[in-house]
Amino acid sequence: MRAAVVDSPGGLGAFAVRAVPEPAPGPGEVLIETAYCGCNWADIQRRMGTYPHPITYPHIMGREVSGTVSALGEGVGGLAVGDRVIAIPSTGGYAERCVAPMALVTKLPSAIPLDVGAAFQVQALTAHHMLHTVHGTEAGQVVLLHAAGGGVGLAATQLAVRAGATVIGTVGTPGKETGPLHYGAARVVNLGREDFVATALAMTAGVGVDLAIDSLGAATLDRTFDAVRLLGHIINIGEAEGTPYANIRERILPRSQTFTRFSLGHVMARPDLWASGVRAVLAALADGTLEIPIVARFPLDDVAEMHRRLESRHVAGKLLLSFAE
């Protein structure tokens, strides 16, 4: 089979599309014929060698796929060869076939296309679990959402609005405010032109927001604590702008705030939580309160161009690697 392989960390030229051995499903595993694989910022980090967890090279990345079941390992029940599924693979999804553990494989309802199935898992489930597992978002709360025009941001905007919350978004690229406003954000702040702390305080009568979600780190996260109310909650999922202030305790102490550094991988270790999140997101997709905007699909040979597009930070939606078109 063919796959996009990174032999050693590097730039866009690090990819080599070549034939590799086909993986075989072990006990409790499923072999999937890949239709689509989602592209995420973690893929950029894996290619460049900056991912915060150890990576072994040569490496085939790709952590969310859709496709059809090709073979079943020993002990796998509830699935059959030919089933349409979505999965979080244990072998890379930037390949024509991949293997996934049974607990992270879900049958895809017939009403949901395969491209949407590959597009929602990492970003929409990250948004869902931050809002509803880690925090507990309720009607009437105010959520400050950094990078609201990105994939996680757009999903979190919709799911927070679905829960009855008011969303204040921030964006760093002019034009990216269109998406979150379309999906129900009450206000979107351009970080280069406006003070998001002042806006958040003005919109909450000086009290501060109930929840802030940050993927930027650095100075943006440092200032976010000032926009959150007494006993409020800050959730961080990334450091795209750089390492934040080291002493988080000093930041949360003045207002008795709660700080969480969230990783979706910890939910994957809990099959019950993973399944409940998938059900909730599928329900939102089915009733139309959640949309996954797919910006572009790329054939395997154009994998470097897909990464270039994502690195440009002008993508307001999802990029997919396509094996089905």
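In what order do the strands of the open sheet of six strands stand? The order is E10-E9-E8-E11-E12-E13. The model is predicted: local features need pLDDT of at least 70 and side-chain atom pairs pLDDT 80 or more, while totals for chains, interfaces and linings use all residues. Residues are numbered from 1 along each chain as its sequence is written, and side-chain values use heavy atoms, with hydrogens and water left out.

**View 1. The open sheet of six strands, with parallel pairing.** Strands are DSSP runs of E with at least two residues, helices are runs of H or I with at least four, and both are numbered from the N terminus. Two strands pair if DSSP finds at least two bridges between them. Strand E10 (187-190) and strand E13 (258-261) are the edges of the sheet; each has a single partner strand, so one side of each lacks a neighbour in the sheet. From one strand to the next, the twist averages 15°. Angles run from 0 to 180 degrees between N-to-C directions, and axes are lines fitted to C-alpha atoms, for helices over the stretch in contact. Strand E8 (residues 142-145) and strand E11 (residues 209-214) are joined in the parallel sense by three bridges, and Leu 144 is placed opposite Ala 212 in E11. Helix H5 (residues 196-203) lies across E8, strand E9 (166-171), E10 and E11, and runs at about 160° to E10.

**View 2. Antiparallel pairing of strand E3 (residues 29-38) with strand E4 (residues 65-72).** Strands of a sheet pair through backbone hydrogen bonds, either parallel or antiparallel. Seven bridges link E3 and E4, and Leu 31 has Ala 71 in E4 as its bridge partner. E4 also pairs with strand E5 (residues 84-87), in the antiparallel sense and over four bridges. Here Val 65 has Ala 87 in E5 as its bridge partner.

**View 3. Packing of helix H2 (residues 114-135) on helix H3 (residues 151-162).** The angle is about 45° and the axes are 8 Å apart. H2 is therefore oblique to H3; angles under 35 degrees count as roughly parallel, over 145 as roughly antiparallel, 65 to 115 as roughly perpendicular and the rest as oblique. The crossing of H2 and H3 is right-handed, a term for a near helix turned clockwise from the far one by less than a right angle, with anticlockwise counting as left-handed. Residues in the contact (heavy atoms within 4.5 Å) include Ala 124, Ala 127 and Leu 131 of H2 and Val 152, Ala 155 and Leu 159 of H3. By class, the contact of H2 with H3 has nine nonpolar residues, five polar and no charged. Ala, Val, Leu, Ile, Met, Phe, Trp, Tyr, Cys and Pro count as nonpolar, Asp, Glu, Lys and Arg as charged, and the others, Gly among them, as polar.

View 4. Gln 158 has 4% relative accessibility and counts as buried. Buried means under 20% relative accessible area, exposed over 50% and partly exposed in between, with a 1.4 Å probe and protein chains only. Not counting residues up to four places away in sequence, Gln 158 touches Tyr 183, Thr 289, Leu 290 and Glu 291.

**View 5. Packing of H2 on helix H9 (residues 271-287).** The axes of H2 and H9 are 9 Å apart, at an angle of about 110°, which makes H2 roughly perpendicular to H9. This crossing too is right-handed. Among the residues in contact are Phe 120, Leu 125 and His 129 of H2 and Leu 273, Trp 274 and Val 281 of H9. The contact of H2 with H9 divides into eleven nonpolar, four polar and no charged residues. Leu 273 is partly exposed, at a relative accessible area of 22%. Apart from neighbours within four places in sequence, Leu 273 contacts His 129, Thr 133 and Val 267. Leu 273 and His 129 are 144 residues apart along the chain, and their C-alpha atoms are separated by 8.7 Å.

**View 6. Backbone geometry at Pro 58, Ala 218 and Leu 231.** Most residues other than glycine have a negative phi, and most peptide bonds are trans. The peptide bond joining Tyr 57 and Pro 58 is cis, with omega about 0°; Pro 58 is in the loop between helix H1 (41-48) and E4. Ala 218, in helix H6 (residues 218-224), has a positive phi near 50° and counts as buried at 14% relative accessibility. Leu 231, in strand E12 (residues 228-236), has a positive phi of about 65° and counts as exposed at 61% relative accessibility.
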